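Subject: A structure for you to look at

Hi there,

Here is the structure I promised to pass on to you. Please open it next to this email, so that you can find each residue as you read.

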Amino acid sequence: FTYGWGLSEQDDHLLDAIAKNVSLSRVYVGVYGDPESETNTRLIARAHSLANRRNQVLNSGRTGRRRQSGALEVKFFDASTANVWNGP
């Protein structure tokens, strides 16, 4: 799960690490506000790029002996509904 993370270009090394984790099958990305805003459109596109990065990793054959989940599924959630800072 990502929450409050814009997936900016400065974070490419983290996106690459997620893509290379071939045991990870799914990632959830928090979107706050209008999904069609310029900021969120960019965020959503960058999140979808994770799936392409994963495919590049799988096609390279450099996955080692780790259990492979295959393609990476990217899902989105409304970050305003997540009560991450509140207790139960």
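Predicted model: local features only at pLDDT ≥ 70, side-chain atom pairs only at ≥ 80, totals over all residues.

Residues are numbered from 1 along each chain as its sequence is written, and side-chain values use heavy atoms, with hydrogens and water left out.

**Aromatic rings**

A pair of aromatic rings is described by the distance of the centres and the angle of the planes. Rings of Phe, Tyr and Trp (its six-membered ring) pair if their centres lie within 6.5 Å; planes under 30 degrees apart count as stacked, over 60 as edge-to-face and the rest as tilted. How many aromatic pairs does the structure hold? There are two. Phe1 and Tyr28 are stacked, with 4.6 Å from centre to centre and 10 degrees between the planes. This pair links distant parts of the chain, 27 residues apart: Phe1 sits in the segment before helix H1 (12-20), and Tyr28 in strand E1 (residues 26-31). Helices (H or I, at least four residues) and strands (E, at least two) are DSSP runs, numbered from the N terminus.

Phe1 is exposed, at 76% relative accessible area, whereas Tyr28 is partly exposed at 25%. For these words, buried means under 20% relative accessible area, exposed over 50%, and partly exposed in between (1.4 Å probe, protein chains only). Phe1 also pairs with Phe77: the ring centres are 5.8 Å apart and the planes stand at 65 degrees, so this pair is edge-to-face. Here the partners are 76 residues apart, with Phe77 in strand E2 (residues 73-78). Together, the ring pairs link Phe1, Tyr28 and Phe77 into a cluster.

**Salt bridges**

Side chains of opposite charge can pair when their charged atoms come close. A salt bridge is a side-chain nitrogen of Lys or Arg within 4 Å of a carboxyl oxygen of Asp or Glu, and a search of the whole structure finds six. One of them joins Arg46 and Asp12, at 2.5 Å from N to O. That pair links helix H2 (residues 38-60), where Arg46 lies, to helix H1, which holds Asp12, 34 residues away. Is Arg46 buried or exposed? Arg46 counts as buried at 17% relative accessibility, while Asp12 is partly exposed at 26%. Asp12 and Arg46 also belong to a network of salt bridges with Asp16 and Arg53.

Another salt bridge connects Glu73 and Arg26, whose closest N and O atoms are 3.1 Å apart. Glu73 is in strand E2 and Arg26 in strand E1, so the pair ties together parts 47 residues apart in sequence. Glu73 also meets Lys75 in a salt bridge of 3.3 Å, N to O. Glu73 is partly exposed at 33%, Arg26 is partly exposed at 37%, and Lys75 is partly exposed at 34%.

**A loop residue**

Finally, have a look at Ala71, in the loop between H2 and E2. Ala71 is exposed, at 54% relative accessible area. Leaving aside neighbours within four places in sequence, Ala71 is in contact (heavy atoms within 4.5 Å) with Ser25, Arg54, Asn55 and Leu58.

Enjoy exploring!

Best wishes
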